[in-house]
Amino acid sequence: MTEEPVADVDALAAWSAIAARVEHGESVPFIAHGKQVGYIVPVGELERLQETIAVLSDPDTIADLRDHTSEDQLSGVEALHDLLAARQAAGKR
């Protein structure tokens, strides 16, 4: 993430500049009353973070990931999605 905050968020030109930065994949710090209060992030980044939170907040999935041996590893995002979907279908989430 960039650490270059936007100074003037009241001006339409500033919002246009923010939108252009975010469209190019940059996360932009949002400053209000001199304090950083959040980030404006690209949609793909938000989805990636939400997915990470879903995985890390499921204790059974984390346990399964820890228990897999080198012969029985999950490989790729789809395998992780399948594991989460199976857990949710079984009512374990």
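Biologist: Of the 93 residues of the protein chain, how many percent count as buried?

Modeller: The share is 20%. This is a predicted model. A residue counts as buried under 20% relative accessible area.

Biologist: What makes up the accessible surface of the protein chain?

Modeller: The surface comes to about 6,700 Å². Carbon and sulfur atoms hold 55% of that.

Biologist: Which elements does the protein chain have, and how do they run?

Modeller: There are 4 helices and 2 strands. From the N terminus on, the order is α-β-β-α-α-α.

Biologist: Why are β1 and β2 said to pair?

Modeller: Pairing needs at least two bridges. Strand β1 (residues 28-32) and strand β2 (residues 35-40) have 5 bridges, in the antiparallel sense. Therefore β1 and β2 count as a pair. In one of the bridges, Ile-31 has Gln-36 of β2 as its partner.

Biologist: What do β1 and β2 form, and what lies between them?

Modeller: They form a hairpin, with 2 residues between the strands. His-33 sits in the turn and has a positive phi of about 55°.

Biologist: Why is α3 called oblique to α4?

Modeller: Two packed helices are described by the angle and the distance between their axes. The axes of α3 (residues 59-67) and α4 (residues 77-89) cross at roughly 135° and come within 10 Å. Roughly perpendicular ends at 115 degrees, and roughly antiparallel begins over 145. The angle falls between those limits, so α3 is oblique to α4.

Biologist: Which residues make the contact between α3 and α4?

Modeller: Helix α3 brings Asp-60, Thr-61, Asp-64 and Leu-65. Helix α4 brings Leu-80, Leu-83, Leu-84 and Arg-87.

How values were computed:
Residues are numbered from 1 along each chain as its sequence is written. This is a predicted model: local features need pLDDT of at least 70, side-chain atom pairs count only at pLDDT 80 or more; totals for chains, interfaces and linings use all residues. Side-chain values use heavy atoms; hydrogens and water are left out. Buried means under 20% relative accessible area, exposed over 50%, partly exposed in between (1.4 Å probe, protein chains only). Accessible areas come from the Shrake-Rupley method with a 1.4 Å probe; for residues, only the protein chains shown count as cover. Axes are lines fitted to C-alpha atoms, for helices over the stretch in contact, and angles run from 0 to 180 degrees between N-to-C directions. Angles under 35 degrees count as roughly parallel, over 145 as roughly antiparallel, 65 to 115 as roughly perpendicular and the rest as oblique. Contact means heavy atoms within 4.5 Å.
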